[in-house]
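Open your viewer and get ready to click along. We will go from stop to stop, selecting a few residues each time.

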Amino acid sequence: FAFSISSFYIERKMGSLNFLGLLLILSITSSPLVSMYVGVVWAGSSVIYFALWGYMIVDYLFALTKDTRSKTNLIVGGIAIFCKYIGSTLEPDIVSTNIFVPINLINNAGHYFGFIIGILISVVVGISTVYTKHQLK
């Protein structure tokens, strides 16, 4: 479910093959770094989930400044980021869930490492895209 929320926004902007490439890059970069820091052999897919969330936030901010922004992408992106935020606040014990604190992001080193790596990769992709478009003009 978490990856389908990401694909609603990212895949429709990038295309399926580019989205698959992004998933591979995020899994190749984030899981080994988390494994080295936390000390596990391989981090789970939740690291990639949080990396996609970080990627989406920065990509969404870059989309706000573009000349050719799509209203559909802005709406879908905002909803997807909000859904991911709500998902990061949920706890197995629903009574202790606090929608104001993304506890799953804060309390798990793998999650925030993935989140930071997603932000960094999105910044690199966003800057390179803007630079390439500037060079073509």
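Here is the tour, with a short note on the model before the stops.

This is a predicted model, in which local features need pLDDT of at least 70, side-chain atom pairs count only at pLDDT 80 or more, and totals for chains, interfaces and linings use all residues. Residues are numbered from 1 along each chain as its sequence is written, and side-chain values use heavy atoms, with hydrogens and water left out.

**Stop 1: a salt bridge.** Select Lys13 and Asp59. Their closest N and O atoms are 2.8 Å apart, forming a salt bridge (a side-chain nitrogen of Lys or Arg within 4 Å of a carboxyl oxygen of Asp or Glu). Lys13 lies in helix H1 (residues 2-14) and Asp59 in helix H3 (residues 45-65), so the pair ties together parts 46 residues apart in sequence. Helices here are DSSP runs (H or I, at least four residues), numbered from the N terminus.

Buried means under 20% relative accessible area, exposed over 50%, and partly exposed in between (1.4 Å probe, protein chains only).

**Stop 2: helix H2.** Now pick Ile28, found in helix H2 (residues 16-38). Ile28 counts as exposed, at 58% relative accessibility.

**Stop 3: helix H4.** Select residues 71-89, the 19 residues of helix H4. Which of them are buried? They are Asn73, Leu74, Gly77, Ala80, Ile81, Lys84, Ser88 and Thr89.

Definitions and conventions:
Helix = DSSP H or I, 4+ residues; strand = E, 2+ residues; numbered from the N terminus. Expected span 1.5 Å × (residues − 1).
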